[in-house]
Amino acid sequence: MAGGIYLIQDDDRLVEMMEQPYDSEDQLQDLLVTYPNLIAGDQIDRATARKWLLISREAAAPADEETAVQWSLDHLFLDQNAVPTLVDVRRTPNAELRQKVLGQSIDYAANAVVHWPVDSIIAMFEANCRDRGRDPEQIFEEFLGADANEDRFWQKVKTNLQAGKIRLVFVADEISAEMRRVVEFLNEQMDPVEVFALEIKQYVSEDGLKTLVPRVIGQTAEAQQKKSSATRERRRWDESSFFAEIKTRGGAEEAQIAKAIYAWVKSQAPFVEIQWGTGDTYGGFAANLHQKSNKTYQLFTVNIAGKMEISAHNYGLQQPFNEEKKWLELRSKLSSIGLSLPTEPGERRSPSLALFTLQDESAIKQVIETFEWVIQEIKKA
């Protein structure tokens, strides 16, 4: 058994605590659920310590349609910047298991980015809260504060997934030198993905005191420099860059449709304004309506993937659409242009409309008239 650490008690008594292996893998997994701070967020980001929101234990991603393979992970967390953090827990992996763990986790991460809709992440979070007898709204408020915009946070989760901005964390009670070299190499080479190993040693005294000591591995100086440079160079989209990108991706016709919607939003100033997003590989603009309360209300977003999106949850909280009659009227109006709202208001879904379906001028006109109706209804309320 390895050497220990020492605690000085209030009576100046020195208590020796010896390293002790965990009884099982499940014990280490339970500790992460109960004490997420063991994922040493201050070591992962020394400038701004990461905080953790547990989404699910034994999180599963949808099966690949081609292979029918379903990926499963020990834990899924989100940090305060909405970065999905995929955690795999093993007790002292040997060489064979180390290769299997690394391969499976990277395979899982690559496919989760493709096949994991944000709606399923929200559903897992809410189910996990119910299982623990907690209110999802309360947990979210404790995580980000009372003034946090929950819809904007989930939208950012979606953006991070689409951009491949995720974090892999391999947890064990002991990280070997071989594992350390592999993790440091991956963290230096994979961008924007972050890769870490987390060693959590357990120390126990004769009278039952217990200390857990986490240590993050993989944060080399080279990796830190690469990731921080990427953050500093994070693109802020504007009119010129957005329309150049959407034309490259979707063609001239799709860019013209986006321009028509953009021109209408600008014509609604000062009541409606454009807000440009940020992102290296994913971005766009939001149409935000100013309200009498000095708050802004997001009508929709248009992104470089060629889609218009709305937040069903956002609309369901807004007067007058939080009333059943008006919600059904809104649902009917949006359905006529291809945006499908859920039956009940407040569900966290993000219906989207592909811009290429609006090639007919009458279709664009109908979309604009629909949102003009939305604006008038909100103003009257």
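Analyst: The buried residues of helix H9 pack against helix H10 (252-267), strand S9 (272-276), strand S10 (284-290) and strand S11 (296-303). Contact means heavy atoms within 4.5 Å. Buried means under 20% relative accessible area, exposed over 50% and partly exposed in between, with a 1.4 Å probe and protein chains only. Helices (H or I, at least four residues) and strands (E, at least two) are DSSP runs, numbered from the N terminus.

User: Where do these numbers come from?

Analyst: This is a predicted model, in which local features need pLDDT of at least 70 and side-chain atom pairs count only at pLDDT 80 or more, while totals for chains, interfaces and linings use all residues. Residues are numbered from 1 along each chain as its sequence is written, and side-chain values use heavy atoms, with hydrogens and water left out.

User: Which residues of H9 are buried?

Analyst: Phe242, Phe243 and Ile246 are buried in H9. They cover an arc of only 90° around the axis, so they are on the same side of H9. The arc is that of the directions from the helix axis to the C-beta atoms.

User: Why do residues three or four places apart point the same way?

Analyst: An α-helix has 3.6 residues a turn, so residues at that spacing point the same way.

User: And what does the face turned away from the buried side carry?

Analyst: That face of H9 carries the exposed residues Ser240 and Thr248. Just after H9, Gly251 takes a positive phi of about 95°.

User: OK, rings now. How many aromatic pairs are there?

Analyst: The structure holds 18 aromatic pairs. Rings of Phe, Tyr and Trp (its six-membered ring) pair if their centres lie within 6.5 Å; planes under 30 degrees apart count as stacked, over 60 as edge-to-face and the rest as tilted. One of the pairs is Phe140 with Phe153: the centres are 5.3 Å apart and the planes at 70°, so this pair is edge-to-face. Phe140 lies in helix H5 (residues 136-144) and Phe153 in helix H6 (residues 150-162), 13 residues apart.

User: Is Phe153 buried or exposed?

Analyst: Phe153 counts as buried, at 6% relative accessibility. Phe140 is buried too, with a relative accessible area of 3%.

User: What sits over the ring of Phe143?

Analyst: The charged end of Lys51 does, 5.7 Å from the ring centre. A charge sits over a ring if NZ of Lys or CZ of Arg is within 6 Å of the ring centre and within 35 degrees of the ring normal.
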